[in-house]
Amino acid sequence: MKNFCLIGYPLGHSMSPVIHRELFKINGIDAEYELKEISPDILAKGIKELDSLDGFNVTIPHKTGIIPHLDSLSDRAELFGAVNTVDNKNGALTGYNTDCFGFLRALDMAGIELKGRVLLCGSGGVSRMFAFESVLAGADLTIAVRDADVDAGNLIKKEIFEKLNKAVNVITLDKVDGEYDVLINGTPVGMYPNTDVCVLPKEKVQKCRAVFDAVYNPLETMLLRYARQCGAKYSNGLPMLVWQAAVAQEIWLGVKFTMEQVKSVIEITKEELSK
């Protein structure tokens, strides 16, 4: 039997065990997946205790802190400076970032092309990944942030220029104007229990041809309701969550998943969320 886990602190309720167990079933893999809370002050000791595992996932607050404890990084993990998946091959730990592939496959599933004018709301860790992927895809990126987050937005702008030699725009949310091909919400605005708010006014959302919201609880945020009402393509964050887990298993186990297989796991996860 193979053994995997998710490390983070605090973990609270996580959908990861449900998702991974369903993905294991698809390929007939005999494996266990558990949650393991490790506080930042004992991270080094905690990782040593994971030596017997075949791999593990990493969430907040360890996505950056884990890096000095690894033997090597994938290209994307190095580019983003963030790791969410670790593969253990004979004691050698390699860090990967599968969030980015989860994001790209979720867009593909929704028929959304990451191109043209892209508006990204937010400047946190996941927004940083969205920003890099948008620029790598050749999009004309604008990052919109709260007044308090302008420095964080400018830091992403600086990093992208230094690493990719591409320019992006940073504006405050109240300055958002005009039409965009894709709107990406990387903020927690609209997440349960505060579901009656939207990161942008309705009239601005409805000038966007496609909308991706990283939030998946609720499955339809106010942002996505606005998108649906105007006939835009849209996706919540649940396909990304399931796809990043699927890509982690592709790394750990050398398996592959089809769109239909992942859709089936998304449906099971939706049922679990509704409980």
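This note sets out points on the pocket, the nonpolar cores, the salt bridges and the backbone of a predicted model.

1. **Largest pocket.** The volume of the largest pocket is about 1400 Å³. Its lining comprises 42 residues, and those nearest the centre are Thr59, Ile60, Lys63, Tyr216 and Leu241. By residue type, the lining of this pocket divides into 21 nonpolar, 16 polar and five charged residues.

2. **Elements around the pocket.** At least two lining residues come from each of strand E3 (55-58), helix H5 (125-136), helix H9 (238-253) and helix H10 (259-274). Helix H5 gives the most to the lining of the largest pocket, namely four residues.

3. **Largest nonpolar core.** The largest nonpolar core contains 29 residues. Phe103, Phe130, Leu141, Ile143, Ile160, Ile184 and Phe212 have the most contacts inside it. At least two residues each are supplied by several elements, including helix H3 (75-80), helix H4 (99-109), strand E7 (117-121) and strand E8 (140-145). H5 provides the largest share of this core, five residues. In soluble globular proteins, nonpolar side chains tend to be buried together.

4. **Isoleucine 184 and the second core.** When neighbours within four places in sequence are set aside, the contacts of isoleucine 184 are Phe103, Leu114, Val118, Leu119, Leu120, Cys121, Phe130, Ser134 and Phe212. There is also a second, separate core of 23 residues, with Leu6, Leu241, Ala248 and Ile266 among them. Leu241 is also one of the residues nearest the centre of the largest pocket.

5. The structure holds 20 salt bridges. In one of them, lysine 158 pairs with glutamate 162, with 3.0 Å between the closest N and O atoms. These two residues are four apart in helix H6 (residues 150-164), so about one helical turn separates them. Glutamate 162 is exposed, at a relative accessible area of 54%. Another salt bridge joins the side chains of aspartate 174 and lysine 175, at 3.4 Å from N to O. Aspartate 174 is exposed at 53% relative accessible area, and lysine 175 is exposed at 55%.

6. **A salt bridge between two loops.** Aspartate 181 and arginine 209 form a salt bridge through their side chains, at 3.0 Å from N to O. Aspartate 181 lies in the loop between strand E9 (169-172) and strand E10 (182-185), and arginine 209 in the loop between helix H7 (202-205) and strand E11 (210-213), so the pair ties together parts 28 residues apart in sequence. Aspartate 181 is partly exposed, with a relative accessibility of 24%. Arginine 209 is also partly exposed, at 47%.

7. **Salt-bridge network.** Arg105, Glu250 and Lys256 are linked in a network of salt bridges.

8. **Cis peptide bonds.** Most residues other than glycine have a negative phi, and most peptide bonds are trans. Isoleucine 60 and proline 61 are joined by a cis peptide bond, with omega about 10°. Proline 61 belongs to the loop between E3 and strand E4 (72-73). A cis peptide bond also joins asparagine 217 and proline 218, again with omega about 10°. Proline 218 is in the loop between E11 and helix H8 (222-229).

9. **Positive phi values.** Asparagine 90, although not a glycine, has a positive phi of about 55°. Asparagine 90 lies in the loop between strand E5 (85-89) and strand E6 (92-96) and is exposed, at 86% relative accessibility. Asparagine 165 likewise has a positive phi, near 55°. Asparagine 165 is located in the loop between H6 and E9 and is exposed, with a relative accessible area of 58%.

Methods. Residues are numbered from 1 along each chain as its sequence is written. This is a predicted model: local features need pLDDT of at least 70, side-chain atom pairs count only at pLDDT 80 or more; totals for chains, interfaces and linings use all residues. Side-chain values use heavy atoms; hydrogens and water are left out. On a 1 Å grid over the protein atoms alone, a cavity is a set of points where a 1.4 Å probe fits but cannot get out, and a pocket is an open set with protein on both sides within 12 Å along at least five of seven lines; lining residues have an atom within 4 Å of a point. Grid points are joined across faces, edges and corners, and a volume is the space filled by probe spheres set on the points. Ala, Val, Leu, Ile, Met, Phe, Trp, Tyr, Cys and Pro count as nonpolar, Asp, Glu, Lys and Arg as charged, and the others, Gly among them, as polar. A salt bridge is a side-chain nitrogen of Lys or Arg within 4 Å of a carboxyl oxygen of Asp or Glu. Buried means under 20% relative accessible area, exposed over 50%, partly exposed in between (1.4 Å probe, protein chains only). A nonpolar core is a set of buried Ala, Val, Leu, Ile, Met, Phe, Trp, Tyr and Cys residues joined through side-chain atoms within 4.5 Å. Contact means heavy atoms within 4.5 Å.
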